[in-house]
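Colleague: Before I use any of the labels in your notes, I would like to hear what stands behind each of them. Can we go through them one at a time?

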Amino acid sequence: MPSILHIEDSLVYARLIRAYLEEESQETQLTHITCLAELPAVLKDNHFQAILLDLGLPDSQGMHTFHAVHAYFPDLPVIVISGNEDDPLSIEAVQSGAQEYLVKQHLNAHILMRTIQHAIERNRLTVALLELQKHQQYLATHDTLTELPNRQLLYDRLSQIFERSKRNQEQFAVLLLDLDNFKSVNDSYGHAYGDAILKEAANRITKSVRDMDTVARLGGDEFTIILTQLSHSKDTEQIAKNILMVLQQPFQIDSHSLSIHASIGIAVYPDDGDNIDLLLHHADLAMYQAKKVKHSYSFFKAKKNTHAYKQLSLITSLKHAIERDEFRLYFQPQIDVLTNKPVAVEALLRWQHPQFGFLPPNEFLSLAEETGLIVPIGEWVIFHAASQLRLWQENGIDNIRIAINLSGRQFEQPNVIHRIASLVAASQIKASDIDIELTESTLMRNPQETARVLAQLREMGMTISIDDFGTAYSSLNYLKRFPVNTLKIDKSFTAGITVDQNDAQIVNAILALAKSLSLNVVAEGIETEEQKMLLQQQGCHIMQGHLFMRPMQPEACEAFLKDPE
């Protein structure tokens, strides 16, 4: 039975609310207080599921009332009950986290109970999804076997350490450690024995470094250690010796005793590299030098680095890729599985590099983002994707929309609305034919500015999709604030829905949340009939992935759109 806290100074309205709730359900428990001063008295019986709140109380007014109540009950849904329509304070409360606001004059028993039930259910879904996201976030940033940071978290910490060391002119060292001939352990004793050794090795390495240092597992038998606040190279050398010493001690697993050897490569900032990737690469080169000696460590010795030259070449080439007409757009349809008809296509960027060949976006977009070149590249994508849609329309293809990804750097440009409007006008298509895709992390960088820009895009007629939904840890309250239309479920979740219960639960929660907020859903990365059928049974019918069609060149995509059968 629902238990409700009602905060209202008017006894007339308090009795009316009680009567409404009793009319709908005799089992509803209602606790009424008249002011904030009475809150401490009900805290000990905090079994409430929702709060009905009048913002005007004898001891508190306006948003101060909402913030005070929200501070007492941060996890409960709050429904503001106002005496005025279009009350600015009530609207502001909803934008700050209240679930809904109702107008007293328009209340009846059915509306009140329905609003309470919906608020409780939305809050339950939000809490459940947040818990799943927290768990998924941990899994995404930690190695499941050793519980050490994985590559993603390592890069995040390296970025912070790099900026701090650069600012304070401090040294830090990157150590790359590899267990020698570890494959033979798995081959001889089995993977369970090998996993036990990896866990024990991770424990020994962690105990050999200081609390301020980081130990991460990149996969297999490879570990990375970051040593910070170094005053002398001998500090790094001593820690490397300690690690090798503890790893040399026999590993006792069940009835087996085994000695393990390791090799460590060391690169030191700033002498061995002025960026993270270069430091890691130099540590890798040093490790292979150490392997020639066995169970030893080696500092990087400067030599020509092919990786560094390739990165530099890519950055230089990016500056001229547009004028040299080296970019290509591929298109992947989004399919309505109820009709088996395409409803939209997503524009995907590729680079035909004159030296390195055909490059997928993961090999150059991060460089473009870091250097700011993503802004002109992103504008190139908008214009050419929109122009391609216009060409298809001229060739008789109607009712197809184009989905275009907008990078974080591009979205944060002060003139982004003007530039998008100009590019769309130049392409001669309607803004309503465009769906703008943005990642969660981009949206959450500056929520207030995000809400303003998204509102302007919607006013132009465009729709907004949150790409890779669920992969970032964001406040779900902003889903109500941001004028978005669609959630795109990331392929990292859909890939495992038929075999991984966690992925299936996350997808279910996203679908339920989207339904409660009247949002559309697109499932990405669909590769099997089993994934398709399961998603369709759960109410998702717009899908995208290799099961339907791989990304295609414009001509092939046009042929598919004309005859999808």
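Colleague: At roughly what angle do the axes of helix 13 and helix 15 cross?

Modeller: This is a predicted model, in which local features need pLDDT of at least 70, side-chain atom pairs count only at pLDDT 80 or more, and totals for chains, interfaces and linings use all residues. Residues are numbered from 1 along each chain as its sequence is written, and side-chain values use heavy atoms, with hydrogens and water left out. The axes of helix 13 and helix 15 (residues 416-427) cross at roughly 30 degrees and come within 8 Å. Axes here are lines fitted to C-alpha atoms, for helices over the stretch in contact, with angles from 0 to 180 degrees between N-to-C directions.

Colleague: Why is helix 13 called roughly parallel to helix 15?

Modeller: Angles under 35 degrees count as roughly parallel, over 145 as roughly antiparallel, 65 to 115 as roughly perpendicular and the rest as oblique. The crossing is at roughly 30 degrees, so helix 13 is roughly parallel to helix 15.

Colleague: Which residues make the contact?

Modeller: Helix 13 brings Glu-379, Ile-382, Phe-383, Ala-386, Ser-387 and Arg-390, and helix 15 brings Arg-419, Ile-420, Leu-423, Ala-426 and Ser-427. Contact means heavy atoms within 4.5 Å.

Colleague: What makes Thr-236 buried?

Modeller: Buried means under 20% relative accessible area, exposed over 50%, and partly exposed in between (1.4 Å probe, protein chains only). Thr-236 has 1%, so it counts as buried. It lies in helix 9 (residues 233-248), and beyond its neighbours within four places in sequence it is in contact with Ala-173, Leu-175, Leu-227, Leu-230, Ile-266 and Phe-299.

Colleague: How do you know whether Lys-292 is buried or exposed?

Modeller: Its relative accessible area is 65%, therefore Lys-292 is exposed. It sits in the loop between helix 10 (276-291) and strand 12 (297-299).

Colleague: And why is Gln-229 given a label in between?

Modeller: Because its relative accessible area is 49%, Gln-229 is partly exposed. This residue of strand 8 (residues 222-230) has a phi near 50 degrees, a positive value in a residue other than glycine.

Colleague: What is the label for Asp-468?

Modeller: With a relative accessible area of 23%, Asp-468 is also partly exposed. Asp-468 lies in strand 18 (residues 463-469) and has a positive phi of about 55 degrees. Most residues other than glycine have a negative phi, and most peptide bonds are trans.

Colleague: Which residues does a cis peptide bond join?

Modeller: Tyr-269 and Pro-270, with omega about 5 degrees. Pro-270 is in the loop between strand 11 (262-269) and helix 10.

Key
Helices (H or I, at least four residues) and strands (E, at least two) are DSSP runs, numbered from the N terminus.
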